[in-house]
Amino acid sequence: MAGKKKDGGSDAVLTFRLPRALHDRLVEVTAGRSVSEEMRRRLEGSFSPSVLGSEDPRFRDLLIAIGHVAAAVAKMPYRREVRYRTEGGRLGRDDDKTPYAAFRKAVISLMDTFEPDGPRLASDETLIRLTDQLVGLALGALGDRGLAAFTNRARVGEEPRFALHDEPAVPCPPDRSGAPAHAMAPKNRKRGHQGGA
């Protein structure tokens with residue numbers, strides 16, 4: 001493959017050979033772009049973490065944004081082995097899940113931001129079935145890790161946990177009312193399915 005610098009421009013011009021079958025496949029998927037633009041888009045995408053479903057324009061930007069949130073939240077500091085007490089008085093020790101809670105809220109906010117217009121034609125009952133099937137499909141793709149996550153999801157109705165005051169947790173920002181947020185971590189609350197598009 002030969003390359004040469006385009007005079008006076010910031011782009012490099014490359015000349016190389018493609019198998020005819022590969023070129024034909026590129027032409028088929030260009031969707032109004034030139035073959036060069038399609039090749040550039042795919043090459044740039046190869047440097048980003050691969051996200052399943054990102055080829056679908058309905059979900060592409062949402063999935064990319066969620067990926068950036070996940071990368072950022074993975075770097076958030078958190079306390080390991082924080083002591084806590086449940087409402088029933090039981091003592092325990094577990095990691096602070098503030099990064100997960102922040103990730104969850106960010107994903108919900110992004111989903112609201114990217115929500116498309118239009119009606120939802122499925123009934124609530126159908127939507128519940130679809131949701132369960134999608135979760136099962138996603139967890140099944142993870143093998144043993146998915147099975148462990150499913151077991152964690154199946155435990156519902158556990159008591160809320162409160163960090164003990166003699167072992168401070170990561171500082172929590174005030175909630176919307178301006179009051180400091182409590183270091184409360186409800187574990188695996190039963191999640192209801194809500195209607196709406």
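Visitor: Is Arg 80 buried or exposed?
Guide: Arg 80 counts as exposed, at 54% relative accessibility; here buried means under 20% relative accessible area, exposed over 50%, and partly exposed in between, with a 1.4 Å probe and protein chains only. This is a predicted model, in which local features need pLDDT of at least 70 and side-chain atom pairs count only at pLDDT 80 or more, while totals for chains, interfaces and linings use all residues. Residues are numbered from 1 along each chain as its sequence is written, and side-chain values use heavy atoms, with hydrogens and water left out.

Visitor: And what does Arg 80 form a salt bridge with?
Guide: The partner is Asp 95, with the closest N and O atoms 3.6 Å apart; a salt bridge is a side-chain nitrogen of Lys or Arg within 4 Å of a carboxyl oxygen of Asp or Glu. Arg 80 lies in the loop between H3 and strand S3 (82-86) and Asp 95 in the loop between S4 and H4, so the pair ties together parts that are 15 residues apart in sequence. Helices (H or I, at least four residues) and strands (E, at least two) are DSSP runs, numbered from the N terminus. Asp 95 is partly exposed, at 32% relative accessibility.

Visitor: What about Asp 96, is that one buried or exposed?
Guide: Asp 96 is buried yet has no salt bridge, and the nearest side chain of opposite charge, Arg 79, is 7.5 Å away; for charge, Lys and Arg count as positive and Asp and Glu as negative, with His and the chain ends not counted. Asp 96 sits in the loop between strand S4 (91-94) and H4.

Visitor: So which side chain does Asp 96 make a polar contact with?
Guide: That is Thr 98, at 2.7 Å between the side chains. A polar contact is a pair of N or O atoms within 3.5 Å; within protein, one must be able to donate a hydrogen and the other to accept it, and residues adjacent in sequence count only if both atoms are side-chain atoms.

Visitor: How many salt bridges are there by this rule?
Guide: The count comes to 5. Among them is the one between the side chains of Asp 11 and Arg 40, at 3.9 Å, N to O. Asp 11 lies in the loop between strand S1 (2-5) and strand S2 (12-15) and Arg 40 in helix H2 (residues 35-45), so this pair ties together parts that are 29 residues apart in sequence.

Visitor: Switching topic, which residues make up the largest nonpolar core?
Guide: The largest nonpolar core has 5 residues, namely Leu 62, Ala 65, Ile 66, Val 107 and Leu 110; such a core is a set of buried Ala, Val, Leu, Ile, Met, Phe, Trp, Tyr and Cys residues joined through side-chain atoms within 4.5 Å. Helix H3 (60-73) and H4 are the elements that give two or more residues to this core, and H3 gives the most, with 3 residues.

Visitor: Last one: what pLDDT does the protein average?
Guide: The average is 75, and 69% of the residues score at least 70, where pLDDT is the predictor's confidence in each residue, from 0 to 100. Among the elements, helix H4 (residues 98-114) has the highest mean pLDDT (95) and strand S6 (residues 184-185) the lowest (40). Over residues 168-197 the pLDDT is below 50.

Conventions
Contact means heavy atoms within 4.5 Å.
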